[in-house]
Amino acid sequence: MNTSLPSSSPTLGPLNRREFLRATTQSAAVLGAVAAAPWVGGAAVRGANERLGVGFIGVGGRGMSHVGTVQKLIADGELLRIVAVSDTYGHRREEAGRITGAKVYAQYRDLLADPAVDVVCIATPDRLHVPQAIDAVRAGKDVYCEKPMGHWTQTALSRQFYLETQKLQRVVQIGNQANSSPEWRMVGDYIRKGAIGRPQLVLAGFYRNGDWGERMPIPDRTALPGADLDWEGFLGDAPKVPFTVDRFFSWRKYLDYAGGPCTDLFPHVYTPFVSMLGLKYPSRAVASGGIFKYDTYDREVPDTFNQCLDYPQKLSVVLVCTLANEYQTDPCIRGDEGAIVLQTDWSSGVDRFTLIPNKGERREVAGGRSDTTRSHWKNFIECVRTRQKPVSDVEFGFQVQVALNMAMLSYLEQKVARFDTERLEIVL
Ligand SMILES: NC(=O)c1ccc[n+]([C@@H]2O[C@H](COP(=O)([O-])OP(=O)(O)OC[C@H]3O[C@@H](n4cnc5c(N)ncnc54)[C@H](O)[C@@H]3O)[C@@H](O)[C@H]2O)c1
């Protein structure tokens with residue numbers, strides 16, 4: 001396991017706040033000005049009536065589900081075409097090529113060099129997201145990048161991605177699809193209108209029976225590195241350890257590639273609150289937990305994780321997770337004039353919520369569920385065409401990633417994590 005804390009990115013030194021704000025303000029202004037420009041960042045922006053070429057990097061479980069979403073959008077008239085797929089595992093990339101009829105690439109950089117690709121969807125293991133996304137924006141592509149935006153060791157690299165995306169004027173949507181839920185937005189509207197006064201405490205959790213081992217079955221126990229399995233490509237910037245089929249296929253068990261509940265499950269639980277409450281960077285984070293149930297020989301990520309984030313506006317977000325018991329309790333937002341209790345499915349919406357004012361009658365409000373991944377794609381594609389900011393843009397993604405990384409580092413180092421808003425760095 002690599003717990004070393006990168007103090008600065010490979011190619012960018014730490015920025016002070018003034019430099020950072022100058023860079024982002026300039027690029028925001030440019031982003032506004034390019035709406036009518038045919039060329040942005042050196043790459044062609046296709047007109048409203050032209051088909052956009054979509055490339056997929058990583059066509060495992062989630063990647064193929066995105067392929068299905070894009071195929072349905074195309075069937076419904078969206079001007080897209082699937083032009084390229086790439087995966088380090090030969091069987092999966094060939095299968096994806098067969099299903100889509102797209103060009104098949106063994107190396108994602110070759111896919112990025114393909115001029116038919118306008119936008120890429122990155123659904124590889126967590127540690128590859130940011131390095132691949134940086135390569136993509138540098139290649140002039142717009143990016144739908146799965147959550148978590150980066151690995152917990154990659155705060156500096158994630159900051160670099162944020163900054164370069166803005167400088168290069170690319171459109172990036174992070175795969176926090178709950179941000180495209182109309183139901184979550186409705187809850188946010190109630191809060192903004194003062195339904196519970198000033199929000200001060202969020203308490204939410206993720207509860208499930210089951211480890212990640214059985215959720216990531218190994219299709220071929222005899223698989224070995226070679227032309228059909230690119231072990232180096234899978235490792236990326238992770239420590240160069242010898243190949244095992246478990247690491248390659250069941251990567252969620254290992255800290256080198258994943259973080260457990262904090263970085264895999266909490267993005268779903270946490271991001272709706274970040275959006276609804278307008279949260280930015282936490283001022284401090286503490287986290288606890290451990291491997292309390294699935295103590296198998298090679299499991300490294302915790303199965304129990306609890307994190308508390310404090311924000312400068314005097315608000316705490318407390319998130320808890322166990323993989324030992326799936327009994328659900330309802331998340332709650334407490335303010336100084338009332339509370340909201342939510343019945344929710346984290347990725348598809350809020351079924352209903354109850355407003356409980358300190359004074360006066362309780363009120364139940366009907367919500368609903370929707371295909372938020374589809375809506376998230378539609379928002380992304382619209383923004384690619386109009387050059388607007390998507391609902392989970394790169395700045396939002398970075399703010400979320402910082403909070404998750406602070407909690408991971410607090411848990412691993414057993415320290416309070418703080419955030420330096422001048423240098424945009426985590427301090428332990
Ligand atoms: N937003 C959501 O609801 C949601 C749901 C599931 C997964 N995810 C995210 O999607 C990502 C993928 O998860 P998954 O369950 O599909 O995992 P997976 O293991 O099923 O798929 C990952 C794929 O990436 C491939 N890959 C590895 N290195 C690569 C490289 N260098 N280039 C190209 N391909 C490479 C693997 O061979 C594999 O096929 C994760 O980061 C996960 O957090 C998001």
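Helices (H or I, at least four residues) and strands (E, at least two) are taken here as DSSP runs, numbered from the N terminus. The structure is a predicted model, in which local features need pLDDT of at least 70 and side-chain atom pairs count only at pLDDT 80 or more, while totals for chains, interfaces and linings use all residues. Residues are numbered from 1 along each chain as its sequence is written.

By the DSSP criterion, the chain has 13 helices and 18 strands. A residue is called buried if 20 or more other C-beta atoms, placed from the backbone, lie within 10 Å of its own, exposed if 12 or fewer do, and partly exposed in between; on this count 46% of the 428 residues of the chain are buried. Two residues are in contact if their C-beta atoms, again placed from the backbone, lie within 7 Å, and among contacts between residues at least 6 apart in sequence, 69% join residues at least 24 apart.

A residue is near a molecule or strand if its C-beta atom, placed from the backbone, lies within 6 Å of it. There are 26 residues around the ligand, and Gly 58, Gly 60, Gly 61, Arg 62 and Tyr 89 come nearest. The elements that give two or more residues to this shell are α2 (61-75), α5 (126-138) and α8 (231-235), and α2 gives the most, with 3 residues. In the classification used here, Ala, Val, Leu, Ile, Met, Phe, Trp, Tyr, Cys and Pro count as nonpolar, Asp, Glu, Lys and Arg as charged, and the others, Gly among them, as polar; the shell then divides into 8 nonpolar, 11 polar and 7 charged residues.

Within α2, Gly 63, Met 64, His 66, Val 67 and Val 70 are buried. These residues cover an arc of only 150° around the axis, which puts them on the same side of α2, the arc being that of the directions from the helix axis to the C-beta atoms. On the other side of α2, Gly 61, Ser 65, Gly 68 and Ala 75 are exposed. The buried residues of α2 pack against β3 (52-57), β4 (80-86), α3 (90-100), β6 (119-122) and α12 (372-386). The helix is followed by Gly 77, whose phi is positive, near 105°.

Further along the chain come strands that pair with one another, where two strands are said to pair if DSSP finds at least two bridges between them. Strand β11 (residues 304-311) pairs in the antiparallel sense with β10 (residues 284-290) over 7 bridges, and Asn 306 in β11 is the bridge partner of Ser 288. Strand β11 also pairs in the antiparallel sense with β12 (residues 315-322), over 8 bridges, with Val 318 in β12 as the bridge partner of Cys 308. In a regular strand the side chains alternate between the two faces of the sheet. In β11 the covered face holds Phe 305, Gln 307, Leu 309 and Tyr 311, whereas the uncovered face holds Thr 304, Asn 306, Cys 308 and Asp 310. The hairpin of β11 and β12 has 3 residues between the strands, and Lys 314 takes a positive phi near 65° in it.

Strand β14 pairs in turn with β15 (residues 349-357), in the antiparallel sense and over 8 bridges; Ala 339 stands opposite Ile 356 in β15, and the hairpin of β14 and β15 has 3 residues between them.

Some backbone details in loops remain. The peptide bond from Lys 147 to Pro 148 is cis, with omega near -15°, and Pro 148 has its place in the loop between β7 (142-145) and α6 (155-167). Gln 414, although not a glycine, has a positive phi of about 55°; this residue is in the loop between α13 (394-413) and β17 (417-420), and is exposed, with 11 other C-beta atoms within 10 Å. Leu 424, also a residue other than glycine, has a positive phi near 55° and is found in the loop between β17 and β18 (425-427), but Leu 424 is buried, with 21 other C-beta atoms within 10 Å.
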